[in-house]
Amino acid sequence: MGIIDTHEALRSIVGETSERTRRKIIGHIDEHARTLIAHSPFVLLATAAPDGSCDVSPRGDPAGSVLVLDEKTLVLADRPGNKLVDSFRNIIDNPHAGLLFVVPGMNETLRVNGRAKLVSDAPFFDSLVVRGKRPRLAVVVEVEELYMHCAKAFLRSSLWDPATWPDRAALPTLGTILHDQLALTTSAAELDADLNERALSQQY
């Protein structure tokens, strides 16, 4: 393998960043970013522990659920999950975080880097209620960098083209995966039934 372990070696292969690309990195939430955030129902939250180990967590809510408090601050509600709280433990120990906002049908994505903190209550929690459920925690992100990713990754992957999607029946279910990975005595079908019920009834 040709290991690249210096910045100079990396640049010798990929070249230099264009001036226009550098200029598209801004330090605030402008009107276009507000629009995209308001239409994004799915966000990826990336965090890292002090030792450098990383975690990426999917966050989903009805579009418009991520709050923009001002041009430097946005808020994501926490919803019921597996309670591993990997992202939250990382934020407590290392407040740097990255967000990637996805809008269905749109090939471009919005990337945000900033400093995150956990809060257990604030006046804006009333605006985070979904289906009558108020979150117990929220992530507040102070925006340091914000920029748009071009469409190339989504075009290469044909992500939004149903013709390229695999047949779901040909893929293992979560119940099957857990049954095999954990050597459980409960059948895959029973696990799937329980997982499906929980996924539907414990969203908020």
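This is a predicted model. Start with G15, which directly follows helix 1 and has a positive phi of about 85°. Helix 1 itself spans residues 7-14 and is hardly covered. Among its eight residues, the count of buried ones is zero.

The largest pocket holds about 1,300 Å³ of space. Its lining consists of 41 residues, and D78, R79, P80, G81 and N82 are the closest to the pocket centre. Several elements give two or more residues each to this lining: strand 1 (42-48), strand 2 (54-60), strand 4 (73-77), helix 4 (86-93) and helix 7 (188-201). Of these, strand 2 gives the most, namely six residues. Sorted by class, the lining of the largest pocket comprises 20 nonpolar, 10 polar and 11 charged residues.

The second largest pocket has a volume of about 260 Å³. Its lining is made up of T21, K24, T109, Y147, M148, H149, C150, K152, A153, F154 and R156. Two elements, strand 7 (138-149) and helix 5 (152-157), supply at least two residues each to the lining of this pocket. Helix 5 accounts for the largest share, with four residues. By class, five residues lining the second largest pocket are nonpolar, three are polar and three are charged.

How values were computed. Residues are numbered from 1 along each chain as its sequence is written. This is a predicted model: local features need pLDDT of at least 70, side-chain atom pairs count only at pLDDT 80 or more; totals for chains, interfaces and linings use all residues. Side-chain values use heavy atoms; hydrogens and water are left out. Buried means under 20% relative accessible area, exposed over 50%, partly exposed in between (1.4 Å probe, protein chains only). On a 1 Å grid over the protein atoms alone, a cavity is a set of points where a 1.4 Å probe fits but cannot get out, and a pocket is an open set with protein on both sides within 12 Å along at least five of seven lines; lining residues have an atom within 4 Å of a point. Grid points are joined across faces, edges and corners, and a volume is the space filled by probe spheres set on the points. Ala, Val, Leu, Ile, Met, Phe, Trp, Tyr, Cys and Pro count as nonpolar, Asp, Glu, Lys and Arg as charged, and the others, Gly among them, as polar.
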